[in-house]
Each structure stands twice: as structure tokens, then as C-alpha cells.
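Please look over the chain below before reading the notes. They go from the overall fold to one residue.

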Amino acid sequence: MIEIKISKLSSGEFNRGVFASRDISKGELIHEAPVIPYPNEEHEFIEKTILADYVYEYGANHTAILLGYGSLFNHSYTPNATYEINFANHTFDFFAYTDIKAGEEILINYNGEVDCDDPLWFNE
């Protein structure tokens, strides 16, 4: 259903993105990304690595590294996908927010809410 390809939205050495390998219907589950959570007070160590750009808030007291394709979705303020934290399964579940055509890049809003247009932390 999804594959990693070169993204025109990314630049630099690792310009990858997640793409639909078939048509995906609105509301369809795209990917369940397992998490490796760690306490927020340990984030200072992650900040010294490239992983700092790939982590997600995981509740009030934790941050998480997402496995699978979870950390490879690129950002858009007009995303075609969204995600929900599934604490019971320790996954981030990615869903199609709109119909997505085969070959289209799957994009999420890094702010968490589909319609949030706050500046991103790495652009401040």
C-alpha cells in the first residue's frame, strides 16, 4: 500500500517520503508505526543527534521514536493523511484524510492537527 521514494519536498542527503503504491480511500488505515518512548527529561540527549528531527510527542511526559515508516512522512499544511496516537497498542496510526491516488506522496501536518498552521519548530 505504501513505499518509500524520493520526495520533491525534501532536500539534502535524505530526501525521502512515503508514497501510495495503490489508491487509498479516505479514512483507510495506512500504517501502524510502533513507538519507542522515552521520558521527556532524556530528550536533551536525543537533541544532540539527527533523531531530534524525527521524534513525536507521546503524551505529557514522553517523546517517541517511531519505527516502520512513521518518521518518514513529510509535512504539509494541506495534508492528505493524519495520525492518532494509539497508547493501548503503543503505535501511531496513520489514516487517509482524503482519497489518495497511487503514486501520490502521503503528507501529514507535523503540528498534529490537520488544520493547524502554526510555524514548525525547525523553521522558528
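This is a predicted model: local features need pLDDT of at least 70, side-chain atom pairs count only at pLDDT 80 or more; totals for chains, interfaces and linings use all residues.

1. Residues are numbered from 1 along each chain as its sequence is written, and side-chain values use heavy atoms, with hydrogens and water left out.

2. The chain has one helix and nine strands, in the order β-β-β-α-β-β-β-β-β-β from the N terminus. These elements are DSSP runs numbered from the N terminus: helices are H or I, at least four residues, and strands are E, at least two.

3. The C-alpha trace spans about 40 × 35 × 25 Å along its principal axes.

4. Among contacts (heavy atoms within 4.5 Å) between residues at least 6 apart in sequence, 64% join residues at least 24 apart.

5. Tyr77 sits in the loop between β6 (74–75) and β7 (81–86). Because its relative accessibility is 37%, Tyr77 counts as partly exposed.

6. Leaving aside residues up to four places away in sequence, Tyr77 touches Asn109, Asn111, Val114, Cys116, Asp117, Asp118, Pro119 and Leu120. With Asp118, a polar atom of the Tyr77 side chain lies 2.8 Å from the backbone oxygen.

7. Gly17 is 60 residues from Tyr77 along the chain, and their C-alpha atoms are 16 Å apart.

Notes:
Buried means under 20% relative accessible area, exposed over 50%, partly exposed in between (1.4 Å probe, protein chains only). A polar contact is a pair of N or O atoms within 3.5 Å; within protein, one must be able to donate a hydrogen and the other to accept it, and residues adjacent in sequence count only if both atoms are side-chain atoms.
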